[in-house]
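Look at the structure first, then work through the points below.

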Amino acid sequence: MGKSRKNAVAPDDIYADYGADTLRLYEMFMGPLDASRPWNTADIVGVYRFLQRFWRNTIDEETGAIRVSEAPADEETRRVLHRTIDAVRTDMGKLQFNTAIARLFELNNRLTAVVGESGTAPVEVVSAMTLMLAPLAPHVAEEVWARLGHAESLAYEPFPEADPAYLVEEEVEIVVQVNGKVRARVKVPAGAGEADHEVAARADDRIKSVLDGVEVLKVVIVPGRLVNFVTRS
């Protein structure tokens, strides 16, 4: 893209249609900064909708009132929040803004589900997400921050800190195979021993039906990844 190819896109047109925050986000979401990336104006709509959805999750469009709750977030939402904080901090430190934005998309999807169920968004999630969004979409973030009741700019606020307790995986999903063919996926506690892996695999109804009346010659277990039952053909 450039003047020599006569295909340049005027930023003023993007500002007028979608706003400066959308353009900033799209340019960073296109891919790694050191990679050549194709411009596709149609893809801007996806980023624009993300910002719209975040706004609707926090602001009542009809009244303009903030729609957050002081009630604590549920455990799963907190887990998603703190994993997002940890991932976004890491990605931004590496200038990997595209993956940081993708993480915020996922958090916003979770927030949308919470708002759909309760009608309000937990303030702890909205505040942290606003601070994470600020370097990427400063205008929207500043407006939401002010409507949350803060007199000072969020530019003076520290980046959110992830709670290590919510970063630990409680369960992991493992693949269960019979003679190398995937038959099921089951969950086991993180750090479970090989015996627990086999018990969980055998307890699955799909595996029970496959192994019914069949002689198992060997059980191959890779902790945290798979269980493979080798049977007599």
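Two rings of Phe, Tyr or Trp count as an aromatic pair if their centres lie within 6.5 Å. Keep in mind that this is a predicted model. A search of the whole structure finds 3 aromatic pairs.

**Aromatic pairs**

- Tyr-18 and Tyr-48 make an edge-to-face pair. Their ring centres are 5.1 Å apart, and the planes stand at 75°. Planes over 60 degrees apart count as edge-to-face, so the 75° angle puts this pair in that class.
- Tyr-18 belongs to helix α1 and Tyr-48 to helix α3, so the pair ties together parts that are 30 residues apart in sequence.
- Both tyrosines are partly exposed: Tyr-18 has a relative accessible area of 23%, and Tyr-48 has 27%.
- Phe-29 and Phe-105 form a tilted pair. Here the centres are 5.0 Å apart, with 45° between the planes.
- This pair links distant parts of the chain. Phe-29 sits in helix α2 (residues 20-29) and Phe-105 in helix α5 (residues 97-118), 76 residues apart.
- Phe-29 is partly exposed, at a relative accessible area of 30%.
- Which residues make up the aromatic cluster? Phe-29, Phe-50 and Phe-105 form one cluster.

**Helix α1 against helix α3**

- Two packed helices are described by the angle between their axes and the distance between the axes.
- Helix α1 covers residues 11-18, and helix α3 covers residues 44-58. They pack at an angle of about 40°, with axes 12 Å apart.
- That angle makes α1 oblique to α3.
- The crossing of α1 and α3 is right-handed.
- From α1, the contact uses Ile-14, Asp-17 and Tyr-18. From α3, it uses Ile-44, Val-45 and Tyr-48.
- The residues of this α1 and α3 contact divide into 5 nonpolar, no polar and 1 charged.

**Helix α3 against helix α7**

- Helix α7 covers residues 138-147. α3 and α7 pack at an angle of about 0°, and their axes are 11 Å apart.
- That makes α3 roughly parallel to α7.
- On the α3 side, Phe-54, Trp-55 and Thr-58 make the contact. On the α7 side, the residues are Val-140, Glu-143, Val-144 and Arg-147.
- By class, the contact of α3 with α7 has 4 nonpolar, 1 polar and 2 charged residues.

- How many residues of helix α6 are buried? The count is 9 of its 11 residues, so α6 (residues 123-133) is mostly covered.
- The buried residues of α6 include Val-125, Ala-128, Met-129 and Met-132.
- The buried residues of α6 pack against several elements. Among them are α3, α4 (75-93), α5 and α7, along with β1 (68-69) and β2 (121-122).
- The axes of α4 and α6 come within 11 Å and cross at roughly 10°. The two helices are therefore roughly parallel to each other.
- α4 brings Thr-77, Arg-78, Leu-81, Thr-84, Ile-85, Val-88 and Met-92 to this contact. α6 brings Glu-124, Val-125, Ala-128 and Met-132.
- The contact of α4 with α6 has 7 nonpolar, 2 polar and 2 charged residues.

- Leaving aside neighbours within four places in sequence, Asn-98 is in contact with Met-28, Phe-29, Gly-31 and Pro-32.
- Where is Leu-136 found? Leu-136 lies in the loop between α6 and α7.
- Leu-136 is buried as well, with a relative accessible area of 1%.

Terms used
Residues numbered from 1 in each chain as written. Predicted model: local features only at pLDDT ≥ 70, side-chain atom pairs only at ≥ 80, totals over all residues. Heavy atoms only, no water. Axes fitted to C-alpha atoms, helices over the stretch in contact; angles between N-to-C directions. Helix = DSSP H or I, 4+ residues; strand = E, 2+ residues; numbered from the N terminus. Parallel < 35°, antiparallel > 145°, perpendicular 65-115°, else oblique. Left-handed = near helix turned anticlockwise from the far one by under 90°. Contact = heavy atoms within 4.5 Å. Nonpolar A, V, L, I, M, F, W, Y, C, P; charged D, E, K, R; others polar. Phe/Tyr/Trp six-rings, centres within 6.5 Å; stacked < 30°, edge-to-face > 60°. Buried < 20%, exposed > 50% of the residue type's maximum accessible area, 1.4 Å probe, protein only.
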